[in-house]
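Below is a report on one protein model, arranged by topic.

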Amino acid sequence: MATGRDDIGATRTGADRGRVVVFGSLNVDSTSYVDDFPEPGETILSRDYRVALGGKGANQAVAAHVAGAPVDFVACIGNDASGAFAYDTLERLGLPVGAIRRIPDAPTGVAQITVAASGENTIIVTGGANLALTPELVHRDRALVAAAAVVLTQGELAVAAIEQVAAVASESGTRFVLNLAPPARVSAATLAVADPIVLNEHEARAVGIGTDAPGDATLDDWRELAASAAGGLARSIVVTLGAAGATAADAIGSWAVHAPRVTAVDTTGAGDGFTGTLAAFLAEGRPLPEALRIAVTAGALAVQARGTVDSYAARAEVLAAAAAES
């Protein structure tokens with residue numbers, strides 16, 4: 001794909017890459033691996049168990065960092081052992097921790113995850129200290145937003161905080177990327193400045209896209225649905241469809257990218273890997289369809305390994321795989 005920049009497989013220096021600021025959740029993931037999900041009231045035994053860094057904000061910040069973007073991560077943790085574990089893990093991964101706040105009277109957020117042999121998962125999230133990321137804290141970090149190319153947030157924060165991130169980004173002229181997962185009742189003004197809003201099929205329906213679409217709607221069907229909403233609901237729209245791929249639309253056009261065929265081991269965090277990678281490549285100036293194609297590849301690589309942040313492939317590997325698929 002000719003873009004007027006470097007081609008998809010070329011290497012860019014850190015100085016050429018725009019900064020990404022992530023306002024988001026930071027959890028500790030408690031994951032059990034099982035053959036099948038239990039029925040209500042049923043007790044089963046797991047095959048394995050792991051504790052790891054998690055939270056959509058943390059996952060996406062790590063994914064953007066691994067994709068080569070300079071990243072600032074704004075989040076809250078408790079003053080507890082889980083918070084210390086999360087803080088130390090971020091440092092080990094090379095992310096700046098200066099914008100991580102410790103909240104003395106709240107536990108660090110936690111996600112209880114079950115992964116079946118199929119690779120599918122169920123997740124229950126307890127927000128804890130994440131709910132202390134208030135509009136006031138967002139406003140306090142407005143200088144970070146003003147210095148960034150992209151600011152990214154997710155639906156795991158309080159609605160007022162999400163709306164403040166959008167407002168500060170809009171005032172600063174910084175591109176605002178919103179992953180509305182899980183769906184939250186944010187204002188129309190917040191949705192309107194999202195560029196893009198990133199949704200899966202269920203989240204898209206929750207905000208009014210594809211409410212009448214059949215369950216077997218194709219990638220091209222969703223491309224058309226995204227195109228019909230782009231410029232109205234949000235400046236641009238991305239809809240992810242798991243193993244099928246993803247679609248995107250803005251005022252210029254619409255695109256569909258099929259995902260590479262892979263064997264899924266664990267789908268946990270793959271959507272966050274996609275979103276963080278998308279934000280990183282948008283921040284360095286890649287056009288939406290190119291960033292989409294790279295992000296789809298990153299998501300496909302992530303499902304082939306267990307865990308969340310440890311499953312994200314390095315920038316060079318993602319670019320090489322994306323080039324091979326083109």
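## Salt bridges

Glu284, Arg286, Glu290 and Arg315 are joined in a network of salt bridges, a salt bridge being a side-chain nitrogen of Lys or Arg within 4 Å of a carboxyl oxygen of Asp or Glu. The structure holds 13 salt bridges. The model is predicted: local features need pLDDT of at least 70, side-chain atom pairs count only at pLDDT 80 or more, and totals for chains, interfaces and linings use all residues. Residues are numbered from 1 along each chain as its sequence is written, and side-chain values use heavy atoms, with hydrogens and water left out.

Asp35 pairs with Arg47 in a salt bridge whose closest N and O atoms are 2.8 Å apart. Both residues lie in the loop between β2 (27-33) and β3 (48-54), 12 residues apart; helices (H or I, at least four residues) and strands (E, at least two) are DSSP runs, numbered from the N terminus. Asp35 is partly exposed, with a relative accessible area of 48%, and Arg47 is partly exposed at 43%. On this scale buried means under 20% relative accessible area, exposed over 50%, and partly exposed in between (1.4 Å probe, protein chains only).

In the salt bridge between Glu201 and Arg205, the closest N and O atoms are 3.0 Å apart. Because Glu201 and Arg205 are 4 residues apart in helix α7, about one helical turn separates them. Glu201 has a relative accessible area of 21% and is partly exposed; Arg205, at 22%, is also partly exposed. Arg223 forms a salt bridge with Glu224, with 3.9 Å between the closest N and O atoms. Arg223 is partly exposed at 22% relative accessible area, and Glu224 is partly exposed at 49%.

## Nonpolar cores

The largest nonpolar core has 54 residues, of which Leu26, Phe73, Leu90, Phe274 and Leu278 touch the most other members. Helix α10 (residues 288-302) gives the most to this core, with 9 residues. Apart from this core lies another, of 45 residues, including Phe23, Leu137, Val186 and Ala234. A nonpolar core is a set of buried Ala, Val, Leu, Ile, Met, Phe, Trp, Tyr and Cys residues joined through side-chain atoms within 4.5 Å. In soluble globular proteins, nonpolar side chains tend to be buried together.

Not counting residues up to four places away in sequence, Phe274 touches Val198, Val238, Thr240, Ala246, Leu292, Ala295 and Val296. Contact here means heavy atoms within 4.5 Å.

## Helix α8

Which residues of helix α8 (residues 219-229) are buried? They are Leu219, Trp222, Ala226 and Ala229. These residues cover an arc of only 85° around the axis, which puts them on the same side of α8; the arc is that of the directions from the helix axis to the C-beta atoms. The buried residues of α8 pack against α7 (201-206), β11 (237-240), β12 (245-249) and β13 (254-258). Just after α8, Gly231 has a positive phi of about 90°.

## Cis peptide bonds

The peptide bond from Ala181 to Pro182 is cis, with omega near -5°. Pro182 lies in the loop between β9 (175-179) and α6 (188-192). The bond from Asp195 to Pro196 is also cis, with omega near 10°, and Pro196 is placed in strand β10 (residues 194-200).

Val193 is in the loop between α6 and β10 and counts as buried at 14% relative accessibility. Val193 touches Ala166, Ser170, Phe176 and Arg235, not counting residues up to four places away in sequence.

Gly271, in helix α9 (residues 270-283), counts as partly exposed at 43% relative accessibility. Gly271 and Thr308 are 37 residues apart along the chain, and 9.8 Å separates their C-alpha atoms.
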